[in-house]
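Subject: Structure handover

Hi,

Here is the structure I promised to pass on. Please load it before you read my notes.

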Amino acid sequence: MAAQAEEQSSGSFILEHITDHHELHLGPLHIPLPHIELFGIDMSITGHLVMMWVASLLLILTLIISTKRRGLIPSGFANAIEAIAIFIRDDVAIPNLGERDGPKYMPFLMTLFFFVLFCNLLGLIPFGQTATGNINVTATLAGISFAMMLGAGIKHNGLFGFFKGLIPPNLPIALLPLMIPLEFLGLLTKPFALCIRLFANMLAGHVVILSLIGIIFILGLFVSPISIAFALVMYMLEIFIGFLQAYVFTLLTALFVGLCIHQEH
Amino acid sequence: MDLLSPNPGLIIWTLITFVLVLLVLKKFVWGPLLSALDQRETRIREALEQADKARAEAERSAEENKQALAQAQAEAQAAINKAREDAELVARDVQERAEADAQQLLEQARRTIQQERNQALQTLRQQTAELAILAAGQLLEENLDDEHNKKIVDDFINRMPEHS
């Protein structure tokens, strides 16, 4: 394995770290994961999936333990969770979804935020991988957002009313053949942008850090102080981006769901 | 595996995982947390409203106290004024009555004196007449007994000044 790695180019060393595998890579340890096939679909457990599960487990445990046995006055870590909850409610949910509908979408938005956040941050821990750096994962999350958009839009405006509301009112009939596909495309662009934004952001940070480390192997040990310093800065930036992208994903989901509910705007 | 290769299995697993996480968190975390938030906000709002109400109440009672104090002071002043007026009235009354009494006493004294004096004068006049008659009789011896002479003496006495 080691000899093989040395033969590989630096590019494939990076790719090796950011792509999904049917093995769990814990440093030099490669644990094979079971192959499962259900109804003709390859449901194999992959490294990213394990990381997602680890993130989910950590998320559930952290939140349950920190918010357990609480009175009206929060203490310790529950304060931070509550501050985020208040922020998402007052600055994300209510401005975009309205005073009445906002609180109803809070559990979904909060879960989305923390799920994305924990997946993002897990990739920064040694041996961890970023599940949100996998386009299948971000596509699924974007698909869930899209389903929420459609569901909320149809629930509030009716099936016909929702699709009618996509087209601006008082449009000349001659423009309809142009506008219908355009608006439909516009609807699909939203989840697509969500998917690509999160995927690319998570991927890019890791690629940059891995590239900076990779320079050491190409140019020699003497560049390591500079490489590591830059990698450290990038690492700090990644922590920030992990939070930022989780927030952006949540904010845009709330915004898009809000747009589907209040189509008049 | 390729960077952009689709993996339907992972998509389905992600969906299942997310929904499970959502359900678990909704039941055990978001429900209690969000309701506690609402509860606390309601509590705080109520406490603030109560504080406002209490302050308004306190201000109102302070105002009432001030008014009551002012009223009490005014009443006290009025009572003092009335008492002073009454006292003056009584004093004037007493003085007037005393003056009247004094006047009356004085008048009475004056009348008594006048009476006494008149009496004294009467007595003096009689005695003087008798003395004069006695003296004149002794001087004239006999002639002075008759009616005519007595009249002369009386005239003389009557011509004597009233107030000697």
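Below is what I found, chain by chain and then at the contact.

Keep in mind that this is a predicted model.

Chain A
The secondary structure here amounts to eight helices and four strands. Along the sequence, chain A runs α-α-β-β-β-β-α-α-α-α-α-α. Chain A has 265 residues, and 35% of them are buried. Take the contacts in chain A between residues at least 6 apart in sequence: 65% of these link residues at least 24 apart.

Helix α7 of chain A covers residues 176–219, and helix α8 of chain A covers residues 224–261. The two pack at an angle of about 175°, and their axes are 9 Å apart. Angles over 145 degrees count as roughly antiparallel, so α7(A) is roughly antiparallel to α8(A). In the contact of α7(A) with α8(A), 19 residues are nonpolar, five are polar and three are charged.

Chain B
This chain has two helices and zero strands. Of its 164 residues, 7% are buried.

Where the chains meet
The contact draws 38 residues from chain A and 32 residues from chain B. On the side of chain A that touches chain B, the elements giving two or more residues are β4 (41–42), α3 (47–67), α4 (77–122) and α5 (135–157) of chain A. Which of them gives the most? That is α3(A), with 10 residues. By class, this side of chain A holds 23 nonpolar, 11 polar and four charged residues.

Best wishes

Note on methods: Residues numbered from 1 in each chain as written. Chains lettered and ligands numbered in written order. Predicted model: local features only at pLDDT ≥ 70, side-chain atom pairs only at ≥ 80, totals over all residues. Contact = placed C-beta atoms within 7 Å. Nonpolar A, V, L, I, M, F, W, Y, C, P; charged D, E, K, R; others polar. Axes fitted to C-alpha atoms, helices over the stretch in contact; angles between N-to-C directions. Parallel < 35°, antiparallel > 145°, perpendicular 65-115°, else oblique. Buried ≥ 20, exposed ≤ 12 C-beta atoms within 10 Å, placed from the backbone.
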